[in-house]
Amino acid sequence: MHPQQTHWGSCNKQDRHAITTVMQSRVPIFLPVSQVSPAKKQEKNSSTTTSWGEVVTKGVKLTQVHRNLLDCVMAYHFRVHKYPDGCVGFLISLRQLQKNMGINPTNHQWLVEKLDQLMETIVVVKTSNITLHTHIVRKHCYSQQVPMAGHGPKGGQNMYYGIVFEAEWMRIFEEDIKIYSADLVTKIIALHDPLLQAFVRFCLTHRQLNMSLCDVLTAIGGSSGVRQVRRYCQKLANSAADLQDKFGISIKDNIVFYRQHKDVWIDIPQSA
């Protein structure tokens with residue numbers, strides 16, 4: 001495994017990993033909520049179809065909390081290694097990852113449970129050019145070989161934590177349009193509201209966006225009920241300054257406008 005910095009400047013694409021892909025942010029794999037209602041938890045399968053594609057999750061309903069976790073792994077890791085079978089492993093500091101997520105950095109069990117959920121859940125996606133049927137995480141555990149500097153004797157919580165992603169999930173980073181947005185990861189998390197997080201992530205996958213607000217809300221998996229849409233619109237209106245100042249997103253007359261942010265780099269593969 002070759003060492004990498006924990007975070008990178010906005011222009012050096014060669015030394016960083018893409019945070020996400022167009023499919024991962026436009027198809028609502030991760031619901032625009034932070035937790036799922038008890039009734040929804042009882043549903044074994046969840047299916048959503050939008051103009052961008054169809055997604056079915058079998059198992060735990062994935063939320064923006066899971067997405068925050070994944071983004072932080074991609075942005076803030078110590079080492080990365082690709083295995084012969086296509087799986088990709090990342091070494092992280094659990095404490096630092098939780099700090100970046102804005103949660104209690106000492107409650108590692110909470111994060112481990114989220115990783116377990118990413119292991120358990122099956123994600124099925126069908127778009128015009130991508131078919132996916134996989135778990136997201138294959139395994140995760142403390143490293144047996146790589147201790148964190150300045151954290152005492154070798155072993156246990158003094159070691160880096162390893163997360164291995166399924167080959168099928170990581171294949172998307174090779175076939176789909178990649179989004180490099182590491183400098184915006186913690187800014188998105190700092191919005192705190194999961195609807196806003198999903199909304200911004202959708203917008204960042206575009207070079208230029210001019211789309212009806214209702215269409216964007218539908219694309220990210222938001223409810224189409226009149227009362228709920230009003231609540232969404234109020235949330236967005238209350239955060240208009242942050243959306244404009246931090247991400248360059250504006251909403252005028254129920255139209256969403258966005259032009260590629262200076263800290264976002266979009267990589268289109270030759271096969272796309």
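Guide: Begin with α3 and α5, which are roughly perpendicular to each other. The model is predicted.

Visitor: Why are α3 and α5 called roughly perpendicular?

Guide: Their axes cross at roughly 100°. The label covers angles of 65 to 115 degrees. The crossing angle of α3 and α5 falls in that range, so the pair counts as roughly perpendicular.

Visitor: What else describes the pair?

Guide: Two packed helices are described by the angle between their axes and the distance between the axes. For helix α3 (residues 64-75) and α5, the axes come within 11 Å.

Visitor: Which residues of α3 and α5 meet?

Guide: From α3, V65, H66, L69 and L70. From α5, W110, L111, K114, L115, Q117 and L118. By class, that contact has 7 nonpolar, 2 polar and 1 charged residues.

Visitor: How do you know that the span of helix α5 agrees with its number of residues?

Guide: Helix α5 covers residues 108-120, which is 13 residues. At 1.5 Å a residue, they should span 18 Å. The end C-alpha atoms are 19 Å apart, so the two values agree.

Visitor: Which residues of α5 are buried?

Guide: H108, L111, V112, K114, L115, Q117 and L118.

Visitor: What makes α8 roughly perpendicular to α10?

Guide: Helix α8 (residues 194-203) and helix α10 (residues 226-238) pack at an angle of about 75°, with axes 10 Å apart. That angle lies within 65 to 115 degrees, so α8 is roughly perpendicular to α10. The contact takes L195, L196 and F199 from α8, and Y232, K235 and L236 from α10. By class it has 5 nonpolar, no polar and 1 charged residues.

Visitor: Why is S93 called buried?

Guide: Its relative accessible area is 16%. Buried means under 20%. S93 is below that cut-off, so it counts as buried.

Visitor: Where is S93, and what does its side chain reach?

Guide: S93 sits in the loop between β6 (88-92) and α4 (94-100). Its side chain reaches the backbone nitrogen of Q96 at 3.1 Å.

Visitor: How many helices and strands does the protein have?

Guide: The secondary structure comes to 11 helices and 15 strands. Of the 272 residues in the protein, 50% are buried.

Visitor: What share of contacts between residues at least 6 apart in sequence join residues at least 24 apart?

Guide: That share is 69% in this protein.

Technical notes
Residues numbered from 1 in each chain as written. Predicted model: local features only at pLDDT ≥ 70, side-chain atom pairs only at ≥ 80, totals over all residues. Heavy atoms only, no water. Helix = DSSP H or I, 4+ residues; strand = E, 2+ residues; numbered from the N terminus. Buried < 20%, exposed > 50% of the residue type's maximum accessible area, 1.4 Å probe, protein only. Polar contact = N/O pair within 3.5 Å; in protein donor to acceptor, adjacent residues only side chain to side chain. Expected span 1.5 Å × (residues − 1). Axes fitted to C-alpha atoms, helices over the stretch in contact; angles between N-to-C directions. Parallel < 35°, antiparallel > 145°, perpendicular 65-115°, else oblique. Contact = heavy atoms within 4.5 Å. Nonpolar A, V, L, I, M, F, W, Y, C, P; charged D, E, K, R; others polar.
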